[in-house]
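This report describes one protein chain and the ligand that goes with it. Please look at the structure below before reading on.

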Amino acid sequence: MAEFIPQPSCADPHETSSLSVNDAQQRIEQLLTPLNGWQKVALRDALDQVLQQTIISPINVPAYDNSAMDGYAINGADIKADSFTVTQVGIAYAGQAYTGQVQAGECIRIMTGAMVPEECDTVIMQEHVEVIGKQITVHGEHQLGQNVRLSGEDLSSGDTVLNPGHRITPADLGLIASLGIAEVQIKQKLKVAFFSTGDELRSLGDSLEKGQIYDSNRYTLYGMLKRLDVDIIDMGVVPDQKQALREALLLASQQADVVITSGGVSVGDADYVKEMLAELGQVDFWKIAMKPGRPLAFGKINDSLFFGLPGNPVSVMVTFYQFVTPALLKLSGETNRLKRTMQIECISQIRKRPGRFEFQRGILFEDEHGNSKVKITGEQGSGILRSMSIANCFILLEEQCDGIAPNTVVTVQPFAGLI
Ligand code: AMP
Ligand code: MG
């Protein structure tokens with residue numbers, strides 16, 4: 001009788017042929033070339049988009065010396081210890097400059113943002129003076145140059161203000177507007193096509209027969225892609241049939257820069273998906289030393305990048321956030337995103353065997369003293385989508401980690417940082 005040799009399985013804690021999360025991320029990154037298309041848009045439409053050009057200041061900001069306070073503009077040479085009196089000869093408002101001269105011993109009333117006259121260099125806050133008619137008596141200690149915002153103090157003409165690859169924030173919109181620039185060049189949006197695979201899947205509106213489930217991955221994928229602001233092509237559910245799968249993949253690759261599928265890449269199905277993907281493009285099948293989300297297919301179909309994500313609903317989200325999100329951000333040309341993880345005390349005990357990097361679903365919260373803490377959501381099965389819904393972060397546990405005692409500091413990746 002032939003000897004039974006067990007096959008490596010997704011449940012094995014150790015496996016020499018597995019790829020680490022880090023290695024997988026690097027292999028993906030090496031294959032990416034950012035798209036180079038761009039378009040010019042009105043400034044407001046550039047919010048949250050990736051800048052394609054360098055923004056260079058055409059002017060000084062501020063454009064002229066102006067007052068930071070409501071008060072009196074004087075010549076600093078008039079400042080004396082304790083107190084001194086100057087004569088008011090005029091008034092300047094923001095947008096309405098004083099056009100006369102200011103001699104020694106004289107001052108003008110000046111409002112915040114108003115141009116400081118050439119002869120003046122210092123502004124005394126109105127709270128520090130005593131006014132009797134046009135005689136302004138200044139009390140207290142004052143420094144030459146105080147309360148004046150100098151021309152070019154923020155930016156000088158010719159300064160680089162923003163670099164290509166920067167994602168535009170509300171502050172940037174204001175900054176660009178302050179330079180008088182009305183239109184900017186932004187990077188082209190990525191086109192991403194996705195579909196679910198599985199004979200058991202039904203779409204919303206269909207009734208369920210025995211053994212069938214609703215397709216939820218298409219909705220989580222839609223949500224995650226929408227947050228990344230890519231152009232989305234939802235191709236629905238494709239049954240586990242060679243021909244249907246081949247047609248769907250070909251169509252997707254013709255329409256999109258990136259093709260994402262869920263399901264069909266675990267050990268049971270991989271062989272035939274493998275065979276078909278080998279025919280269409282260059283796709284590797286990886287067993288990644290991670291939990292959840294071990295099987296991942298990655299490569300190219302025609303000119304499109306291909307991600308074959310696992311089918312389990314939590315695995316889809318974990319692999320998307322860890323592998324697809326960074327890839328899409330790089331393809332879209334963004335270069336300045338911070339990797340947001342933090343060190344937080346975990347109040348839960350976490351059981352873990354060494355061998356795989358784990359992404360436990362966690363809840364960040366504030367304890368009664370206002371300190372940030374984290375706890376796990378409870379059951380961590382890769383099919384329990386509710387664990388993602390009630391979580392607000394991943395707790396990252398390194399491959400070698402063999403469990404966490406309560407009140408240990410752990411590495412946390414908030415969902416908010418993943419977009
Ligand atoms: P697979 O990777 O195709 O073997 O699927 C693994 C598990 O995930 C199975 O229990 C599938 O029924 C489930 N699954 C696959 N695709 C989806 C989907 N689109 N929505 C919900 N569950 C799914
Ligand atoms: Mg399947």
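How many nonpolar, polar and charged residues are in the shell around ligand 1? By class, four residues of that shell are nonpolar, nine are polar and three are charged. Here Ala, Val, Leu, Ile, Met, Phe, Trp, Tyr, Cys and Pro count as nonpolar, Asp, Glu, Lys and Arg as charged, and the others, Gly among them, as polar.

The model is predicted: local features need pLDDT of at least 70, side-chain atom pairs count only at pLDDT 80 or more, and totals for chains, interfaces and linings use all residues. Residues are numbered from 1 along each chain as its sequence is written, chains are lettered from A and ligands numbered from 1 in the order in which they are written, and side-chain values use heavy atoms, with hydrogens and water left out.

**The ligand**

Ligand 1 is surrounded by 16 residues, and the closest are Glu 200, Asp 215, Ser 216, Gly 264 and Ser 266. A residue is near a molecule if one of its heavy atoms lies within 4 Å of it.

| Protein atom | Ligand 1 atom | Distance |
|---|---|---|
| Ser 196, polar side-chain atom | nitrogen | 3.4 Å |
| Gly 311, polar backbone atom | oxygen | 3.2 Å |
| Asn 312, backbone N or O atom | oxygen | 3.3 Å |

Taken alone, ligand 1 exposes 480 Å², and the protein buries 78% of that. Accessible areas come from the Shrake-Rupley method with a 1.4 Å probe; for residues, only the protein chains shown count as cover.

**Ser 196**

Ser 196 is in strand 13, residues 191-197. Ser 196 has a relative accessible area of 0% and is therefore buried (under 20%; exposed is over 50%, partly exposed in between, with a 1.4 Å probe and protein chains only). The side chains of Ser 196 and Asp 215 are joined by a polar contact of 3.0 Å. A polar contact is a pair of N or O atoms within 3.5 Å; within protein, one must be able to donate a hydrogen and the other to accept it, and residues adjacent in sequence count only if both atoms are side-chain atoms.

**The whole protein**

The protein has seven helices and 26 strands; these are DSSP runs, helices being H or I of at least four residues and strands E of at least two, numbered from the N terminus. The C-alpha trace spans about 110 × 50 × 40 Å along its principal axes. Of the 419 residues of the protein, 45% count as buried. The protein exposes about 21400 Å², of which carbon and sulfur atoms supply 49%.
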